[in-house]
Amino acid sequence: MRDARPVSATGGQVATDPTGAEPDAAGPAVAAPSGPVDVAVLGAGPAGIPAALAAADAGAQVVLIDANPRPGGQYHRQLPREVSAVRPGVLHHGWPEASERFAALAAHPRIRLLSSTRVWLAEPRPDEVRLHTTGLAQDTIHARQLVLATGATERVLPFPGWDLPGVLTVGAAQALIKGQGIRPGRRVLLAGTGPLLLAAAGTLLTAGTEVVAVLDANGSRQLGRAVPAAVLSPGRSVEAAGYLAQLARHRTPYRPGMAVVRVEGDGEVERAVVAEVDADWRVRLGTEHHLDVDAVCVAYGFTPNVGVAAAVGCELAPRPDGAVVVVDVGQRTSRPRVLAAGELTGVQGASVAALEGAVAGAVAAAAEGHPVDRDDLRRLVRRRDRARRAADTLLRAAPIRAGWRSWLDDETVVCRCEEVEYRTVRHAIEELGAKDVRSLKMTTRCGMGRCQAAICGPIVSDLVAEHTGAPPADATGLAPRAIAESIPLGEL
Amino acid sequence: MARDHPNAPDQPPGPTDLPDLRVADHLEPIGLHRGEPFTITFEGQQVAAHPGETIATALLAAGIRTLRSTRVDGRPRGLFCAIGTCFDCLVRVDGSRPLRACLTPAQAGQEVAPGDDTTSPGRAGT
């Protein structure tokens, strides 16, 4: 029962940022419910939608808050209403289930969806959690229970030229095609590590893009280790085989053990330098060569989005890819009235997220006195645990290896917002003795820019950890702020 | 690729005759259909946009990849995350504060300019 954190706890840093919420509120403002609601769900992605449905099915009044104009999250990002598609599902995995859920969401009498709305402050109180929102719904929501389903942010690694226009994240390529019907480039290179690369290659090829190559820095040996997981979860191996067959049909090479180590061009991407890398991701000398491309899309896994969870005081646990929210068997966090489901509790993919969301929604509704069938819930928990075990093995097959640092040169920008170069970061660590991300931030301005360390946080955290020998700290150390979104000063 | 999106009629032909990057209307198997285009401008250049598109999409389709230059070193920047996280794609719309092009809907007649940061180096905002 700690007190809510006052607005001044931020030092005004975010609230005074001139780059506040965009007027993506293209539509009439919507009113948030004035009275208290049983359950508020933050995030309408693969975890949040099942959470909202489960809670509402149990009889709870639910508010579902989402930053995007349409529900689905990044994974099932939808086209704008103004653009129609005969078969939108060909760009998505698991679309039939997703579109069923969209329909159920829209039709449910007890769910209120607040789209294009972000929570900028969450205040835990003894009898409720207060959510202050910005965007289409600018209001205060009084929630008896809060389910956090804020997902994860893509993780990227820097390399010379990664800030040139034409270098994007793989998630950006997915979002552009699924959400806007536009390709990121004409000749596209996909590089990084993890299962997202293959899925994205599938989306790009289906959308008529020339994909020059798909490079996974982890070698085939690591892929081999993922086989037991694929056996446990047959859908995954079939899915991967389908993507590989599609690549073969388009004569797109899939190359394990290769990475993009530099991008060149006169002001914009013109070519990528790719190379074979060893097990530690150091470049094998003599293997570097050029590929002419106009877009390079990179993906190195995900970092859980724990910002709001941290702000309301949920216990976090360190993981190699960033801090995660600690939850119990019922998806409850350490903070009363706050639950969490999906990637922010550990990055395990959309099917695990959906099961976690369903558990969280049912548990939140039960906490408010709505009857939930205990046997149903137990079955759901067992399915979730099986799915978690399968996903664990699969994701361990795509780690980040330390040798990526050898791709950097002195002038490589590490923090894109504040334009902090690698030599400055190294100087702060090696000469000035910065031993954690916080002191590095103070000496170099890394993580102090508009993105609030969303991009450079995990990178800087790795660089510090390598030097001190300590395990990578959580990147939230770069941006511990009560205000979770940048908002225009006028809205305060 | 022959059925790719045509250049909008009010747009002068670009340096190439290649179709733009939009997934073509009616391309199998997706079968997209967009509404009638309208015009926005970027630094005076006319750019076609369709209903539902963001400013970033319209500019990318017109071959405009550099959206601004950075405050300290004047380095070119464009779309990076495309979902509102990285703040690289900043533009000014009709003289606004810098907005994320990837989140801001295109609307007829918008005058878009690079979202160059005019604050002094080392200051996060005003």
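Trainee: Which residue of chain A forms a salt bridge with Arg77(B)?
Mentor: A salt bridge here is a side-chain nitrogen of Lys or Arg within 4 Å of a carboxyl oxygen of Asp or Glu. In this predicted model, Arg77(B) forms one with Asp163(A), and their closest N and O atoms are 3.6 Å apart. By this rule there are six salt bridges across the interface of chain A and chain B, and 33 in the structure over all chains.

Trainee: What are the ground rules behind such values?
Mentor: Residues are numbered from 1 along each chain as its sequence is written, while chains are lettered from A and ligands numbered from 1 in the order in which they are written. Because the model is predicted, local features need pLDDT of at least 70 and side-chain atom pairs count only at pLDDT 80 or more, whereas totals for chains, interfaces and linings use all residues; side-chain values use heavy atoms, with hydrogens and water left out.

Trainee: How many residue pairs are in polar contact between chain A and chain B?
Mentor: A polar contact is a pair of N or O atoms within 3.5 Å; within protein, one must be able to donate a hydrogen and the other to accept it, and residues adjacent in sequence count only if both atoms are side-chain atoms. Between chain A and chain B the count is 27 residue pairs, both residues being at pLDDT 80 or more.

Trainee: Which elements of chain A give two or more residues to the side that touches chain B?
Mentor: Helices (H or I, at least four residues) and strands (E, at least two) are DSSP runs, numbered from the N terminus. Those elements of chain A are strand 3 (84–85), strand 9 (167–169) and helix 3 (170–180). Helix 3 of chain A gives the most, with four residues. By type, the residues on this side divide into 31 nonpolar, 16 polar and 17 charged. Here Ala, Val, Leu, Ile, Met, Phe, Trp, Tyr, Cys and Pro count as nonpolar, Asp, Glu, Lys and Arg as charged, and the others, Gly among them, as polar.

Trainee: How is the size of an interface given?
Mentor: It is often given as the accessible area lost when the parts come together. Buried area is that loss (1.4 Å probe), summed over both parts. Chain A and chain B bury about 5200 Å² between them, with 52% of it on carbon and sulfur atoms. Counting contacts (heavy atoms within 4.5 Å), 64 residues of chain A touch 59 residues of chain B.

Trainee: And how do I read the strands?
Mentor: Strands of a sheet pair through backbone hydrogen bonds, either parallel or antiparallel. Two strands count as paired if DSSP finds at least two bridges between them. Strand 3 of chain A and strand 1 (residues 32–33) of chain B run antiparallel, joined by two bridges, and Ala85(A) stands opposite Leu32(B).

Trainee: What do strand 2 and strand 3 of chain B form?
Mentor: They form a hairpin with two residues between them, and Glu43(B) in the turn has a positive phi of about 50°. Five bridges join strand 2 (residues 38–42) to strand 3 (residues 45–49) of chain B, which run antiparallel. Ile40(B) has Val47(B) as its bridge partner, and Phe42(B) has Gln45(B).

Trainee: In what order do the five strands of the open sheet in chain B stand?
Mentor: The order is 3-2-8-6-7, with mixed pairing. Strand 3 and strand 7 (99–100) of chain B stand at the edges, each with a single partner strand, so one side of each is left without a neighbour in the sheet.

Trainee: How is the predictor's confidence given?
Mentor: pLDDT is its confidence in each residue, from 0 to 100. Chain A has a mean pLDDT of 87, with 85% of its residues at 70 or more. Chain B has a mean of 85, and 79% of its residues reach 70 or more. Over residues 1–16 of chain B, the pLDDT is below 50. For the complex, the predictor gives an ipTM of 0.89 and a pTM of 0.88.

Notes
Buried area is the accessible area (1.4 Å probe) that two parts lose on being put together, summed over both. pLDDT is the predictor's confidence in each residue, from 0 to 100.
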